[in-house]
Amino acid sequence: MRVLIVEDEPSLAEFLRQGLEEHGCAVSVATDGHMGLAAAEEGGFDVVVLDILLPALNGLEVCRRLRLQRPALPILMLTALGTTTDTVRGLEAGADDYVTKPFAFDELLARVRALARRVLGAAIDVPPLRVADLSIDTLRRRVQRGDVELALTPREYALLVEFVRNPGKTFSRAELAERVWGVDFDTGTNVIDVYVNYLRNKVDKPFPTKLIHTVFGVGYVMRLPEAV
Ligand code: CA
């Protein structure tokens, strides 16, 4: 299990590193918010342990930004004793769990393990969704074409999942609006076209084979490339 610790107090960071390493984890430490965010975005971690009070960029902001980039990466927040508001804000910012300082190491270890299990354990049972060379790991919310990982916003991701679950199905704009946004749009709006366009720029444009096609007067369809 690979753990990223974002903590600016050297003694606490070292205490966590030693403890986690003794229990078989590979540990990296970042000592401010910017470093933490950059390391986490690069990927390769199963869990992030994130302090709130950090230099450069506070933990809540790191958490918020990370949620957009890596929606499925488990985040354990370290909050200070007696600050219920910090805890609430941490969870609102997208943290999966929290531990209140001061804490017993065993408690932290148990929570880190529980979070990692949620992601790693379940991953074994969920095969990725695939169309051609496009694959979606729905558990980690990772999208790849070939070997290239694509960074999608939550809305783009939801839209892509609809297409990939239903290859060959032509969706009307109203259908996509209902499935992805959960609303009926005014017929006058072009928000669906705008989002399909965002998605195409990431999923199709950089690659030789196009998967999302316009069906004129009807809507959009994801089609497998023609067999050669
Ligand atoms: Ca701190």
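Predicted model: local features only at pLDDT ≥ 70, side-chain atom pairs only at ≥ 80, totals over all residues.
Residues are numbered from 1 along each chain as its sequence is written, and side-chain values use heavy atoms, without hydrogens and water. Local features need pLDDT of at least 70, side-chain atom pairs count only at pLDDT 80 or more, and totals for chains, interfaces and linings use all residues.

Reader: Which residues coordinate the calcium ion?
Author: Donors are N, O and S atoms within 2.8 Å of the metal, or 3.2 Å for Na, K and Ca; water is not among the atoms, so sites may look incomplete. The donor distances here run from 2.1 to 2.4 Å. The donors are Asp8 (OD), Asp51 (OD) and Leu53 (O).

Reader: Is Leu53 buried or exposed?
Author: Buried means under 20% relative accessible area, exposed over 50%, partly exposed in between (1.4 Å probe, protein chains only). Asp51 has 4% and is buried. Leu53 has 69% relative accessibility, so Leu53 counts as exposed.

Reader: At what angle do α6 and α8 pack?
Author: Helices are DSSP runs (H or I, at least four residues), numbered from the N terminus. Axes are lines fitted to C-alpha atoms over the stretch in contact, and angles run from 0 to 180 degrees between N-to-C directions. Helix α6 covers residues 154–165 and helix α8 residues 191–203, with axes 10 Å apart. Their angle is about 80 degrees.

Reader: Which residues of α6 meet α8?
Author: Contact means heavy atoms within 4.5 Å. On the α8 side are Tyr195, Val196, Tyr198, Leu199, Lys202 and Val203. On the α6 side are Arg155, Glu156, Leu159, Leu160 and Phe163.

Note on methods
Helix = DSSP H or I, 4+ residues; strand = E, 2+ residues; numbered from the N terminus.
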